[in-house]
Every structure is written in structure tokens, then in C-alpha cells.
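Please look over the sequence and the structure below before reading on.

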Amino acid sequence: MQFGLFGSATARHGGPDVDSGQGYKQFVEYNVEAEALGYHATFLVEHHFTGFGQVSASLTLLTWVAAKTKTLRLGTAVLVLPWHNPVLVAEQAATIDLLSGGRLDFGVGKGYRHNEFAGFCLPIEEADARFNESLEVLLKAWTSAERFSHHGKYWRFDDIVVEPPSAQKPHPQIWMGAGSERSIRNVAERGFNLLLGQYASPDDVAQSIAWFRSAVEASGRRYDPMQIGVTRAFFVTDSVEERNEALERRLQNRMRQLKLATRPDGTVHGGPDRATGDPQAVNVNSAIYGNPDEIARRLQALR
């Protein structure tokens, strides 16, 4: 196992006496400290229109982290492709990869929050098709030795060459978020790395890994555990009261995020760990909260 960070920063709203960038600056310092402690990577979310300041410009913030660090890998978890011009993203991602010496872990996803698709005036039903076309353009942009054109359903580009080249060849490492068996097997068949979410139980994580491994081996490739990233909420305390208060904060945060994700018909787009099951049970089973000995046991079980 290797350990890294997953999360976000917060940009506060307020008047002229409020430093809206303080949360971002603290996030950068947090990553510098993590690198000094030997952490392997950081993965940063992308969200929009929350009203509570979640990170929206992931690649921009990661550029600051890249400039302040030397070994920490720089991940997006995830960049939501249906919302972005794929050629501009290819250029921006290659720039970070080049300047950081090949440290970009390019995590991509389809998106799942209703309020974000509604805010961008995009039908969430188009998420899969937009994702697939954007990924096709990205890969072509990074690997084409000559100028190319693309005339698709959502994007059109004529006689372009994408610059600069990335440091990693043939392109930055690609990670995909997935939750269902079909989507997990699809990630393996594409030859990409897998990102698993933070709300699945340890048993469900084990099942997801088994699906991924079997699909990798069925494709004739060797399974490597470093191809999988598993997100866990993490909180260290010797106090039962502090643990319970932290779990309650996490539960309230999840309910707030689910509200943004829920469509008018009451459903949530995406994997089963997002919206099914008893919220309290999901919260307790997926979090690694407690004293150091309890956490060590849970980490060992996860390993």
C-alpha cells in the first residue's frame, strides 16, 4: 500500500476583510507537509455551484501544489470530462505534467451531480456519450504525431496539433472513477487505473478489486495493486466523543452533497455507493475513524 491525500479546499465567501484564498493556501501547505512526511500522492476533486466553496479549477490549484513540491504525485479525482473542451484540457494537463517532471495522475469521470449538469445546461443523460468522445479526443491529442481533425457529435476540431508534449509517454497516467461491476470492468479493458469511492464498505471494495483484477488478467495483462486507488475518510482520536462528533460532521456533509446530486425524480446518477443503503451504516462502515490501534487494524484489513 501507498498513502496519499484525497480531498478539496474551501474558498470562503465574504466581504473585503475575508481572505477567500486562505483555504487554498492552507491546502497547498497541507500538501507540502504531506510530501515531507513521505506521502505518495494527492488527489483533488472538481465541483461547481455548491455554495460552500468546493474546488472548481482543479488543474489550476494543482499547478500551485506542483510548484511547491518535488516528489508528490498530482492527481485529479476526478476531472469531469463532459463539462470541458477536451483540447484545452489536454494542453493544460500536459503543461502540468511537463513542469512537474511527469507527476500528473489524470483522473477522469462522467459526473453525477444533477445541480452541476443543470448549471451548465447539459442533459445528464448525455454524460456517457460526452465522456467517451472527450476521452477519445484527449488520447488523440496526446499521441498523434501529426496534425489531426475531429468531427464528432459534441466537438469539432480542424487541423490541430496539441502542445506542449507531456513528460510521461505516451501520455499522463489515466485513472477512472467507477463503482458498478460493468464500469469497473470497462476501466480494466481500457487499460486505465481505477479510482474507488469513499463510501463503499470494505467488503464492497474487495469485490470491486476482484472484478478489476479478473478483467485485467482476462485482457492478458499482469495485475498490479498500484493500479487501484481507494479513498477512505480518516480521523485519528483517542476520544470516543470526538470520533462520534467527526462521524456526524461527515454524515451531514454527505447529505448536503447528496442533495446537490439528486435529480427531480429522486434518483442519483452514478455508482451504487452514492445513494443507496442506510446513511448512518454507510457512514460508519466506510470511515476509518478512531484511535491509532483501531485505525491500524482497519488499515490492515483493507490491505
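The buried residues of helix α2 pack against α1 (22–36), β2 (41–44), β3 (73–76), β4 (79–80) and α3 (86–99), where contact means heavy atoms within 4.5 Å, and where helices (H or I, at least four residues) and strands (E, at least two) are DSSP runs numbered from the N terminus. This is a predicted model, in which local features need pLDDT of at least 70 and side-chain atom pairs count only at pLDDT 80 or more, while totals for chains, interfaces and linings use all residues. Residues are numbered from 1 along each chain as its sequence is written, and side-chain values use heavy atoms, with hydrogens and water left out.

- In α2 (residues 58–68), the buried residues are Ser58, Leu59, Leu61, Leu62, Val65 and Ala66, buried being under 20% relative accessible area, exposed over 50% and partly exposed in between (1.4 Å probe, protein chains only).
- Seen down the axis of α2, these buried residues fall within an arc of 155°, so they line one face of the helix; the arc is that of the directions from the helix axis to the C-beta atoms.
- The face turned away from the buried side of α2 carries the exposed residues Thr60, Trp64, Ala67 and Lys68.

**Aromatic rings**
- There are eight aromatic pairs, counted for rings of Phe, Tyr and Trp (its six-membered ring) with centres within 6.5 Å, and called stacked if the planes are under 30 degrees apart, edge-to-face if over 60 and tilted for the rest.
- The rings of Phe106 and Trp142 have centres 5.3 Å apart and planes at 85°, so this pair is edge-to-face.
- Both Phe106 and Trp142 are buried.
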